[in-house]
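These are my notes from an afternoon with one structure file. I wrote down what I looked up, in the order in which I looked.

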Amino acid sequence: MAPAAEGGATTQTPETVDVIVVGTGMMGLYALYCLREREMSTIAFEAGDGVGGTWYWNRYPGARCDMESVQYSYNFSKEVRDEWNWTHRYATQPEILSYLNHVADRFDLRRDIRFETRVTSAVFDEKTHLWTLETDRGDVARARYCIMATGSLSTPFRPDFPGIEDYQGEWYHGGTWPHHEVDLAGKRVGVIGTGSTGIQLTTEIAPVVKHLTVFQRTANYSTPARNRPLREGELDEFKANHAEWFREATYSHTGITSNPPSTNRSAHDDTPEERQLLFEDRWGIGGQPQIILAIYNDINTDQEANDMVADFVRQKIREIVDDPDVAELLCPDKGQPIGSKRPPIDSGYFEMFNLDNVSLVDVRSAPIERITPTGLCTTDDEYELDVIIFATGFDALTGAMLAIDIRGRDGVVLKDIWAEGPQTNLGIMAAGLPNMFMIHGPGSTSVKVNMFIGGEHQIDWIMECIEHLDANGFVCIETTEEAQADWTAHVQEVANESLQPVADSWYVGANIPGKPRVYMPYFGGFERYWKHCDEIVADGYRGFRLSRSDSSETNPSVAAE
Ligand code: NAP
């Protein structure tokens with residue numbers, strides 16, 4: 001690989017392929033598979049030294065998926081489904097990573113992947129209709145299409161506390177956990193953050209550390225995972241009935257099915273006694289958040305219905321945690337609807353606070369001020385810590401795209417056009433960036449839907465789109481500004497019909513200082529999303545401008561606008 005010449009220009013002749021894929025997590029791998037099937041030439045760039053994306057990076061103790069493993073799987077290959085046997089209801093990170101490696105090996109996908117290579121810029125050339133991508137290792141590659149499978153939660157966020165450079169202990173972030181063994185036994189460990197990562201991680205390490213201090217800014221509603229090995233016959237039954245399951249999931253809001261399912265009635269339809277019985281029953285069954293959050297059909301939209309579930313969870317926390325002051329601190333505020341932050345599930349999180357070696361520190365009333373050489377200081381106390389773990393989350397949905405210097409047509413710079421919040425059409429394309437497709441981009445169902453079903457659907461849509469362009473002599477596809485504005489407004493409208501935007505969550509970017517507060521994922525449900533995508537295609541790619549090499553616009557639906 002030729003090094004970059006002084007001033008950033010490169011001296012090498014760029015390689016040119018049909019499609020460049022950025023990122024080889026779950027969906028980058030599927031994109032590679034699809035492109036191989038179509039005999040299109042590809043290069044994939046991957047920052048890690050292995051495939052797996054989220055499941056490659058997040059290898060902290062206790063990391064596991066909180067969607068049922070049988071549902072959190074690829075659907076495109078019966079062979080993969082038949083030969084892979086999940087062991088547990090909720091799979092661990094190592095098991096999921098093995099699965100993704102298995103898929104990469106099975107389809108020989110690695111030969112197109114450049115590992116340990118991070119894309120730094122992507123620039124569109126209007127004359128050649130090619131994207132030129134550069135990497136931190138000096139690669140320069142060109143392609144007609146880019147598929148940005150850069151991940152929704154792939155840019156770790158660590159608060160900028162002063163003093164970290166002088167800290168004498170070890171520190172880690174859950175999203176960049178080292179590959180080597182981290183020995184926490186007998187150490188005083190502080191964990192900052194009580195999201196899904198913090199909850200899983202603390203529950204796992206509490207029994208081995210000398211002392212665990214959990215620094216909590218916002219209490220979280222967590223419900224029991226009740227993980228267990230899959231029962232005999234359970235996996236075979238799922239495999240045998242996959243087609244039915246797939247259909248049901250496809251016509252659902254979340255791309256996930258739950259057993260038991262929603263009652264499909266309002267929380268107001270039941271008496272308090274009936275509700276309590278139902279809540280207790282579901283708490284006992286446990287599992288993915290929908291088991292409890294979808295008991296009634298108005299929990300996401302009606303504050304009173306939401307309060308009924310939230311009060312039940314608070315009641316459970318008070319029952320589980322021995323110390324009433326600690327229990328109160330662990331109860332989320334009334335102003336935070338359950339489900340408006342991503343709901344975690346746990347394996348004994350609240351019980352953990354009954355251990356003698358675990359303490360909870362409220363850093364909302366007394367925020368962390370700085371890291372000291374031997375620990376950290378809040379505004380009212382100092383804590384001696386051998387290890388600090390940041391479970392402080394990610395710059396979600398836009399972070400990875402904005403980390404790349406992306407420049408499109410007419411000098412469009414992605415950072416500028418998203419300065420007030422992301423704007424996309426379908427979460428797949430952004431105006432000014434022809435032939436650049438995002439997977440799980442902002443404005444797509446992404447994190448609100450089964451990431452496998454949702455991602456596979458988007459890639460299938462993109463493949464069909466590329467085939468359509470090629471078959472009809474088009475060289476470019478680009479969303480119109482109008483269609484993008486309409487879709488972005490629709491994403492907001494749908495979110496505002498729910499309680500989703502109420503909390504200060506990463507869904508609205510509230511976790512990142514200075515990030516515009518915009519609800520980013522599409523909350524209209526999977527069925528509505530894919531039907532809308534289908535309609536757009538049926539209408540000749542309505543809202544997209546398709547152009548030939550002489551730049552003539554021939555998309556009739558755009559011409560009619
Ligand atoms: P997160 O949900 O964003 O949680 C970050 C935590 O760090 C929050 O408790 C946050 O407090 C706290 N925090 C941030 N800055 C802080 C500061 N300056 N001082 C004190 N506390 C601070 O991140 P995450 O737990 O990594 O999870 C992110 C998402 O990844 C999840 O919601 C989920 O979608 C996914 N995930 C999934 C799984 C799974 O499938 N099991 C596991 C892990 C993660 P505030 O709440 O006050 O901001």
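**Entry 1: the ligand**

I began with Thr 218, where a polar side-chain atom lies 2.4 Å from an oxygen atom of the ligand. I count this as a polar contact, a pair of N or O atoms within 3.5 Å; within protein, one must be able to donate a hydrogen and the other to accept it, and residues adjacent in sequence count only if both atoms are side-chain atoms. The protein covers 88% of the 900 Å² of accessible area that the ligand has on its own. Such areas come from the Shrake-Rupley method with a 1.4 Å probe, and for residues only the protein chains shown count as cover.

I noted the source before going on: this is a predicted model, in which local features need pLDDT of at least 70 and side-chain atom pairs count only at pLDDT 80 or more, while totals for chains, interfaces and linings use all residues. Residues are numbered from 1 along each chain as its sequence is written, and side-chain values use heavy atoms, with hydrogens and water left out.

I then looked at the backbone around the ligand. A backbone N or O atom of Thr 194 lies 2.9 Å from an oxygen atom of the ligand. A polar backbone atom of Ser 196 is 3.0 Å from an oxygen atom of the ligand.

How many residues surround the ligand? I found 25, and the closest are Arg 64, Thr 197, Arg 217, Thr 218 and Lys 341. A residue is near a molecule or strand if one of its heavy atoms lies within 4 Å of it. I sorted the shell by class and got 10 nonpolar, 9 polar and 6 charged residues. Here Ala, Val, Leu, Ile, Met, Phe, Trp, Tyr, Cys and Pro count as nonpolar, Asp, Glu, Lys and Arg as charged, and the others, Gly among them, as polar. Helix 5 (residues 196-205) gives the most to this shell, with 3 residues. Helices (H or I, at least four residues) and strands (E, at least two) are DSSP runs, numbered from the N terminus.

I traced an open sheet of 5 strands in the order 7-16-8-9-12, with parallel pairing. Two strands pair if DSSP finds at least two bridges between them. Strand 7 (170-173) and strand 12 (358-362) are the edge strands, and each pairs on one side only. Neighbouring strands of this sheet are turned by 20 degrees against each other on average, direction ignored. The axes are lines fitted to C-alpha atoms, for helices over the stretch in contact, and angles run from 0 to 180 degrees between N-to-C directions.

I checked one pair in detail. Strand 9 (residues 211-216) is joined to strand 12 by 5 bridges, and Val 214 has Leu 360 in strand 12 as its bridge partner.

I found an open sheet of 3 strands in the order 13-14-15, with antiparallel pairing. Which strands stand at the edges? They are strand 13 (368-372) and strand 15 (382-384); each has a single partner strand, so one side of each is left without a neighbour in the sheet.

Strand 13 and strand 14 form a hairpin with 2 residues between them, and 4 bridges join this pair. Thr 372 stands opposite Gly 375, and Arg 370 stands opposite Cys 377. A second hairpin joins strand 14 to strand 15 through 3 residues. There Leu 376 stands opposite Tyr 383.

**Entry 2: single residues**

I looked up Ser 73 in the loop between helix 2 (54-57) and helix 3 (78-83). Is Ser 73 buried or exposed? Ser 73 counts as buried because its relative accessibility is 7%; buried means under 20% relative accessible area, exposed over 50%, partly exposed in between (1.4 Å probe, protein chains only). The side chain of Ser 73 reaches the backbone oxygen of Ser 69 at 2.7 Å and makes a polar contact with the side chain of Trp 86 at 2.9 Å.

I found a cis peptide bond between Asn 259 and Pro 260, with omega about 5 degrees.

Asp 410 has a phi of about 50 degrees and is exposed at 63% relative accessibility. Asn 435 has a phi of about 60 degrees and is buried, with a relative accessible area of 0%.
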